[in-house]
Amino acid sequence: MASKYDAIVIGAGSVGNPTAYFLSKAGLKVLVVDELSSSGQGQNKSAIGGVRATHSDPAKIQICLKSIEIYSEWQKNTGTHIGWKKGGYCFPVYRQKEEDILKSILSIQKKHGLIIDWFESNKIKKVVTGINEKGLIGGTFSPNDGQVSPLLASESFTNETMKLGAEFRYNESVTGLLFDRNNSTVKGIKTNKGEYMADSIVNAAGAHASTICKMAGLDIPINPDSHEAGITAPLKQFLDPLVVDIRPGVEGKTANFYFGQNSEGPIIFCYTPIKIFPGEDRSCTSEFMPIMARRLVSLIPRLKNVTIRRLWRGLYPMTPDGVAVVGKPSNVEGLYLGIGMCGQGLMMGPGVGFNLSSLITEGKPAMRKEVFDLLSPDRDFYSGKKEALK
Ligand SMILES: Cc1cc2nc3c(=O)[nH]c(=O)nc-3n(C[C@H](O)[C@H](O)[C@H](O)COP(=O)(O)OP(=O)(O)OC[C@H]3O[C@@H](n4cnc5c(N)ncnc54)[C@H](O)[C@@H]3O)c2cc1C
């Protein structure tokens, strides 16, 4: 007979691990299944570790404020270091266009509880040590944002969840969903190794989340595209915030460029290509390094002799509107979604897990429902609305 749980989480990644943790904390008997060999081995480990509530979408702001609370208090609550560094996020500005964009969203950010302000250039120079001062107008700074180690966080969430009694099954792939007699309620999962039953099934399958949705007859468009990142040799700490330059690159191929110095000392960096790389190809490109190096040195000239240690490419599980899909689809019972995290799954994960756990155990999200519903699986993904700050 198939083993029975209260909840099954598909995917031990940036979203699945915290979701399993909060479900277990609420007293549920939880099973986590992942097709890879341990936790965090999907896109979680591709993230550069940025955790910000600096968004323009109200739901993302509030979910990430919760994530920041969870990450920042993790060591105090569990005794485990996960590389949390509260250095803030700074968006420096060199052109009127970006000044207008960032200033236009300040009121909505503040309204939803984000601590953020516009700083003139003299203050930005103090926030970002060594920043190129030529043409610097100013920028925004949100001091409570920070960085975390994706792998340390994933490992610690897993360990704490196991301590609460949850079971993790690795190298096991979900191949189907099991339904009740009327075919309207999801009652379990089928894997390449067995069958497991539960009242609540959470799809947290990242880049493969659409495949799981299709098993329930849901057409939710999560399409991965790939992004490159890299890390330098460790340096003495000098850079507090994670820095985001939203100007397009002069080479004409890149949009946002972002980097920070993590708690171990290396600079870790990434950019958003203008022409996306759809699909799951994760081989590194030859253009990333020279473009990235020019953008990095033009912003922080003192980094010109830094040694690059490693480059990698990973996937953003993208939605058409750039906003995650979180909640219960109205036409399927028993199935919950924490998917479509785009480039923000690490920063969204704990907040999403906390709210999904509340939805499953209490019947409502922990945050205000009107705001939570902005992430609804029932929304029109092609309404044309996109987040101003991605
Ligand atoms: C270069 C780069 C930099 C990034 N930087 C940041 C950053 O600074 N901050 C940030 O917040 N985000 C960042 N991201 C994005 C972040 O990595 C993702 O949004 C996040 O990891 C997605 O989380 P997830 O839980 O949805 O997916 P994952 O972490 O990939 O977890 C999904 C899990 O589901 C499993 N799975 C899938 N299908 C099945 C199945 N059928 N059966 C069993 N298991 C299955 C997978 O093996 C995987 O472990 C970055 C991404 C990249 C590529």
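**Figure 1. Helices H2 and H5 pack at an angle of about 50 degrees, with their axes 12 Å apart.** This is a predicted model, in which local features need pLDDT of at least 70, side-chain atom pairs count only at pLDDT 80 or more, and totals for chains, interfaces and linings use all residues. Residues are numbered from 1 along each chain as its sequence is written, and side-chain values use heavy atoms, with hydrogens and water left out. Helix H2 covers residues 58-78, and helix H5 covers residues 150-163. Helices (H or I, at least four residues) and strands (E, at least two) are DSSP runs, numbered from the N terminus. Axes are lines fitted to C-alpha atoms, for helices over the stretch in contact, and angles run from 0 to 180 degrees between N-to-C directions. H2 and H5 are therefore oblique to each other; angles under 35 degrees count as roughly parallel, over 145 as roughly antiparallel, 65 to 115 as roughly perpendicular and the rest as oblique. H2 passes H5 in a left-handed crossing, a term used if the near helix is turned anticlockwise from the far one by less than a right angle (right-handed if clockwise). Look for Ile70, Tyr71, Trp74 and Thr78 in H2, which meet Ala153, Ser156, Phe157 and Glu160 in H5. Contact here means heavy atoms within 4.5 Å.

**Figure 2. Helix H1 also packs with H5, and their axes come within 9 Å.** The two axes cross at roughly 25 degrees, and H1 and H5 are therefore roughly parallel to each other. Their crossing is left-handed. From H1, the residues Asn17, Pro18, Ala20, Tyr21 and Ser24 meet Ser154, Phe157, Thr158, Glu160 and Thr161 of H5.

**Figure 3. Tyr21 and Trp74 form an edge-to-face aromatic pair.** A pair of aromatic rings is described by the distance of the centres and the angle of the planes. For Tyr21 and Trp74, these are 5.1 Å centre to centre and 65 degrees between the planes. Tyr21 lies in helix H1 (residues 16-25) and Trp74 in H2, so the pair ties together parts that are 53 residues apart in sequence. Rings of Phe, Tyr and Trp (its six-membered ring) pair if their centres lie within 6.5 Å; planes under 30 degrees apart count as stacked, over 60 as edge-to-face and the rest as tilted. Both residues are tucked away: Tyr21 is buried, with a relative accessible area of 9%, and Trp74 is buried at 3%. Buried means under 20% relative accessible area, exposed over 50%, and partly exposed in between (1.4 Å probe, protein chains only). Ring pairs link Tyr21, Phe22, Trp74, Phe157 and Phe354 into a cluster. Across the whole structure, a search finds twelve aromatic pairs.

**Figure 4. H2 and helix H8 cross at roughly 95 degrees.** Helix H8 spans residues 345-362. The axes of H2 and H8 come within 7 Å, and the two helices are therefore roughly perpendicular to each other. On the H2 side, the contacts include Lys60, Ile63, Cys64 and Tyr71. Among their partners in H8 are Leu346, Met347, Pro350 and Phe354.

**Figure 5. Asn183 and Cys342 each have a positive phi, although neither is a glycine.** For Asn183, phi is about 65 degrees. This residue is in the loop between strand S9 (174-179) and strand S10 (186-191), and Asn183 counts as exposed at 57% relative accessibility. For Cys342, phi is about 55 degrees. Cys342 is found in the loop between strand S19 (335-339) and H8, and is buried, with a relative accessible area of 6%.

Figure 6. Thr129 and Arg302 are 173 residues apart in sequence and 9.7 Å apart in space, C-alpha to C-alpha. Thr129 is in the loop between helix H4 (121-127) and strand S6 (138-142) and counts as partly exposed, at 29% relative accessibility.
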